[in-house]
Amino acid sequence: MTGGVVNIGYVELVGASLLMLVAGIVSWRMGLGQSRRIAVSTVRAFLQLLAMGLLLGYLFKYQTWWLVCLVLLGMCVAATQIATGRTNKVVRGLWADVFLSITVSSMVIAFIVVEGIIHADPWYNAMQLVPISGMILGNTLAAAAVATDRLFASMDSRANEIYMMVALGATPREAAFPSIKAAVGAGMTPLLAQLSAAGIVQIPGMMSGQILAGADPVIAAKYQIVVLLMISAATTLSVVIICFLAYKKRFSVEGYYLSPALRDDAGGAA
């Protein structure tokens, strides 16, 4: 036991990795071609999480405001890289837009929660700020990736309609707005499903972790409510920002919708 938490040994941890054989066997039997990716992702998760545990142990002990901010910046950069890598269509300049949307939405909401609800002391207390920021970033990057992919897919499917609207005098924003609306909705859908299932179908991660650590279930539920609400706010903000920035990549400086032959795309599928 460590602070009320049962310590999992490394032997048991390696044994738990055998659970990924389920995904590996399915990939092999169905010919999905994902076996190598499953293995690599599992090893990465091991190494990254253990490295994060060591880093946080050092950070909690020797924290300074600039070191905490440096760690948060690194997390934002990594989240942006993962989000842009998961989109099906790669567009030049999209990395900066995704970084802005993820960083602004996540950090603003994280600081509001840490300062206004948890009342961390000092404000850069890594024990509160880093885990909360990590939870928000993990959700905003997924939502940004889904929304970006949906945005460009919708705009491409509406290409003739957009051409006509621009020719009739519509601004790029007016022509793209139906696609922006669809993309924002798609980005918010997983979160709404999670909110609906919380407490009935599933006991979410924050609440489960605190209960396993011996916390009062009601207190754990309060923390989980805060987590779900902060993720909801950050995800919505991130999706809206990225959609209203990214749609411009499909238009020229003069406001014309670019055909596939004229686009300055960085490549095909990510």
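## Nonpolar core

In this predicted model, the largest nonpolar core has 53 residues. Those with the most contacts inside this core are Leu-59, Ile-102, Val-130, Met-155, Met-230, Cys-243 and Phe-251. Two or more residues each are given to the core by helix 3 (35-62), helix 4, helix 5 (94-118), helix 6, helix 7 (159-167), helix 8 and helix 10 (217-246). Helix 6 supplies the largest share, 13 residues.

Apart from neighbours within four places in sequence, Ile-102 is in contact with Ala-79, Thr-80, Ala-83, Leu-137, Thr-140, Leu-141, Ala-144 and Ser-238.

One of the residues touched by Ile-102 is Thr-140, which lies in helix 6 (residues 126-157). Thr-140 counts as buried because its relative accessibility is 0%, under the 20% cut-off. Its side chain makes a polar contact of 3.2 Å with the side chain of Ser-106. Not counting residues up to four places away in sequence, Thr-140 touches Ile-102, Ser-105, Ser-106, Ala-234, Thr-235 and Ser-238.

Ala-183 is placed in helix 8 (residues 172-197). Ala-183 is also buried, with a relative accessible area of 0%. With neighbours within four places in sequence left aside, its contacts are Ala-147, Arg-150, Leu-151, Val-239 and Cys-243. Of these, Cys-243 is listed among the residues with the most contacts inside the largest nonpolar core. Val-239 is 56 residues away from Ala-183 along the chain, and the C-alpha atoms of the two are separated by 8.0 Å.

## Salt bridges

The structure holds three salt bridges. One of them joins the side chains of Lys-249 and Asp-97, at 2.5 Å from N to O. Lys-249 lies in the loop between helix 10 and strand 2 (265-267) and Asp-97 lies in helix 5, so this pair ties together parts that are 152 residues apart in sequence. Lys-249 is partly exposed, at a relative accessible area of 25%, whereas Asp-97 is buried, at 11%.

Asp-156 forms a salt bridge with Arg-250, with the closest N and O atoms 3.4 Å apart. This pair also links distant parts of the chain, with Asp-156 in helix 6 and Arg-250 in the loop between helix 10 and strand 2, 94 residues apart. Asp-156 is partly exposed, with a relative accessible area of 24%, while Arg-250 counts as buried at 0% relative accessibility. In the salt bridge between Glu-161 and Arg-158, the closest N and O atoms are 3.1 Å apart. Glu-161 counts as partly exposed at 35% relative accessibility, and Arg-158 is buried, with a relative accessible area of 10%.

## Nonpolar surface patch

In soluble globular proteins, nonpolar side chains tend to be buried together. Some nonpolar residues of this model lie on the surface instead: Trp-65, Trp-66, Leu-70, Leu-73, Val-77, Trp-95 and Trp-123 form a nonpolar patch there. Together they have about 730 Å² of accessible area.

Helix 4 (residues 65-85) provides the largest share of the patch, five residues. Leu-70 is one of the patch residues and lies in helix 4.

Key. Residues are numbered from 1 along each chain as its sequence is written. This is a predicted model: local features need pLDDT of at least 70, side-chain atom pairs count only at pLDDT 80 or more; totals for chains, interfaces and linings use all residues. Side-chain values use heavy atoms; hydrogens and water are left out. Patches are made of residues with over 30% relative accessible area and no salt bridge: like charges are joined within 9 Å, nonpolar side chains (Val, Leu, Ile, Met, Phe, Trp, Tyr) within 5 Å. Accessible areas come from the Shrake-Rupley method with a 1.4 Å probe; for residues, only the protein chains shown count as cover. A salt bridge is a side-chain nitrogen of Lys or Arg within 4 Å of a carboxyl oxygen of Asp or Glu. Helices (H or I, at least four residues) and strands (E, at least two) are DSSP runs, numbered from the N terminus. Buried means under 20% relative accessible area, exposed over 50%, partly exposed in between (1.4 Å probe, protein chains only). A polar contact is a pair of N or O atoms within 3.5 Å; within protein, one must be able to donate a hydrogen and the other to accept it, and residues adjacent in sequence count only if both atoms are side-chain atoms. Contact means heavy atoms within 4.5 Å. A nonpolar core is a set of buried Ala, Val, Leu, Ile, Met, Phe, Trp, Tyr and Cys residues joined through side-chain atoms within 4.5 Å.
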